[in-house]
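Visitor: I'm new to this one. Can you show it to me and talk me through it?

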Amino acid sequence: MRKLMDFSILHYITLHNVTRLCQTKSIISVNGRFPGPPVVAREGDRVVVKVVNKVSNNVTIHWHGVRQLRSAWADGPTYVTQCPIQTGQTYTYNFTITGQRGTLLWHAHISWLRATLYGPIIILPRRNESYPFPKPHKEVTIIFGEWWNADPEAVISQALQSGGGPNVSDAYTINGLPGPLYNCSSKDTYKLKVKPGKTYLLRLINAALNDELFFSIANHTLTVVEGDATYVKPFDTNVLVITPGQTTNVLLKTKPYFPNSTFLMAARPYFTGQGTFDNSTTAGILEYVNPSKPTSSQNKLPLLKPTLPPVNPNATGFVTNFTRKFRSLATAKFPANVPQAVDKRFFFTIGLGSNPCPKDMTCQGPNGTKFSASVNNISFILPSVSIMQAYFFGQNGVYTTDFPTFPPVPFNYTGTPPNNTMVSNGTRVVVLPFNTSVELVMQDTSILGAESHPFHLHGYNFYVVGQGIGNYDPNTDPANFNLVDPVERNTFGVPAGGWVAIRFQADNPGVWFMHCHLDVHTSWGLRMAWIVLDGQQPNQKLPPPPSDLPKC
């Protein structure tokens with residue numbers, strides 16, 4: 001038994017200047033790096049990250065997809081598990097990586113700061129353990145981002161005030177670089193140099209704020225081997241879809257010979273909504289090193305481009321078929337522990353809505369209202385203190401425990417929308433006894449347009465046991481659930497005009513945020529929280545908060 005490592009990392013949150021698209025601006029970053037530095041650990045390691053806030057904004061960091069078993073105080077969503085780290089303050093995130101290996105990400109979890117505050121989490125297998133696929137020649141991280149020339153904080157603040165949709169981004173990025181298809185960005189292009197006849201493990205991460213992305217490398221097939229730090233049955237694809245908050249590990253087998261071409265690696269949005277969006281393409285270049293002339297320039301070689309599906313909802317069939325290919329390994333070593341019996345069933349409608357325009361104001365949302373978003377018609381309001389602190393210390397008046405388990409008013413969810421699109425606003429949560437097995441069906445609605453919503457559950461992985469287009473039918477659809485080898489994820493897209501069914505075992509005490517990972521929708525209230533109570537045993541209880549937990 002080797003001694004498990006403690007990784008002590010120092011994250012200084014600072015401002016630094018970055019030039020993209022011929023414009024220089026000051027961005028918030030970690031240790032002056034953009035994207036931020038990777039957190040690299042092994043399964044079973046303890047990770048200790050001291051965050052020092054040197055900017056004027058309040059900050060928190062979320063370790064997206066880390067299970068945080070009995071370490072909910074380190075999860076990071078503002079006003080859910082902690083108050084933010086204020087200017088000049090520090091907080092140490094301390095957690096152990098248990099039963100996970102693969103790729104995840106860390107990012108800010110307050111307002112839209114994650115536009116520039118993000119980076120990879122790379123969890124290697126325990127020492128002397130191997131991957132369930134051939135060992136790659138090299139591992140490469142590819143992290144997608146979304147870039148605004150303006151300050152993203154000003155963009156969302158203005159949108160929330162006016163009630164309209166926010167200004168869209170100016171570019172997507174690969175490892176922080178927009179690539180050659182944007183104005184004056186050919187020098188800001190990510191290049192991946194490869195050797196012929198080798199296998200590369202690409203760790204793909206979508207850290208974009210508001211856009212699901214298609215990704216493809218011209219004339220190359222990718223083999224998907226993992227999603228959200230869980231191994232899957234390998235399958236080949238030329239194009240993949242990745243939602244914000246998701247990670248996908250793929251094997252890239254290079255051609256056995258020098259191909260006399262270079263290859264574009266491109267990502268562009270899959271967009272299903274009604275409004276405007278950033279309809280642009282980020283690209284990097286895959287370059288083969290010529291064994292006979294390793295230093296020769298590749299500029300003269302032809303550049304081949306990939307074919308991506310259409311940006312619009314016409315691609316929904318492609319997306320559904322793609323997501324259905326993900327299956328757990330379900331082996332003795334990597335079992336799929338799907339809850340077979342269900343203690344509690346929930347049915348949540350997911351979608352947009354509106355709030356009335358305040359008096360003496362003109363609003364730019366639908367029909368002069370303000371855009372909103374809701375789960376079971378509740379648009380979730382974050383309190384000004386931490387929900388988990390209120391729960392742990394018995395502070396009243398911060399939240400109520402009456403979140404509706406089914407829609408308050410049933411309707412034809414994907415048919416003609418109701419005339420009244422107003423939401424209720426509140427800080428309402430669901431309370432689950434320890435170890436409850438949960439089945440949750442999330443149903444998209446057509447209110448203000450059917451749209452795909454990538455939902456992320458903090459503190460848990462869940463099994464995707466079913467999905468479909470149209471309205472969920474509780475009488476017939478469960479017969480088709482996959483309870484043998486469904487994919488296990490922390491983020492999954494509720495299909496546009498469809499539904500998804502997930503199951504999880506509530507074995508991790510604490511307060512756990514669940515929200516759409518399109519930040520514009522989260523800002524509009526497309527979020528809720530679960531409180532998982534303590535179990536009987538000492539190792540089933542939420543420990544007290546660390547002494548340096550930030551004050552509100």
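Guide: One term before we start. Ala, Val, Leu, Ile, Met, Phe, Trp, Tyr, Cys and Pro count as nonpolar, Asp, Glu, Lys and Arg as charged, and the others, Gly among them, as polar. This is a predicted model: local features need pLDDT of at least 70, side-chain atom pairs count only at pLDDT 80 or more, and totals for chains, interfaces and linings use all residues. Residues are numbered from 1 along each chain as its sequence is written, and side-chain values use heavy atoms, without hydrogens and water.

Visitor: How many cavities of 30 Å³ or more are there?

Guide: Four. A cavity is a set of points on a 1 Å grid over the protein atoms alone, where a 1.4 Å probe fits but cannot get out.

Visitor: What volume has the largest cavity?

Guide: About 170 Å³. Volume here is the space filled by probe spheres set on the points, which are joined across faces, edges and corners.

Visitor: And which residues lie nearest its centre?

Guide: Glu212, Thr243, Val319, Thr323 and Gly493, out of 19 lining residues. A lining residue has an atom within 4 Å of a point. By class, the lining has nine nonpolar, eight polar and two charged residues.

Visitor: New topic. Where is the peptide bond from Phe34 to Pro35, and is it cis or trans?

Guide: That bond is cis, with omega near -10°. Pro35 sits in the loop between strand E2 (23-30) and strand E3 (39-42). Strands are DSSP runs of E, at least two residues, numbered from the N terminus.

Visitor: What about phi of Leu21?

Guide: Near 55°, a positive value in a residue other than glycine.

Technical notes
Helices (H or I, at least four residues) and strands (E, at least two) are DSSP runs, numbered from the N terminus. On a 1 Å grid over the protein atoms alone, a cavity is a set of points where a 1.4 Å probe fits but cannot get out, and a pocket is an open set with protein on both sides within 12 Å along at least five of seven lines; lining residues have an atom within 4 Å of a point.
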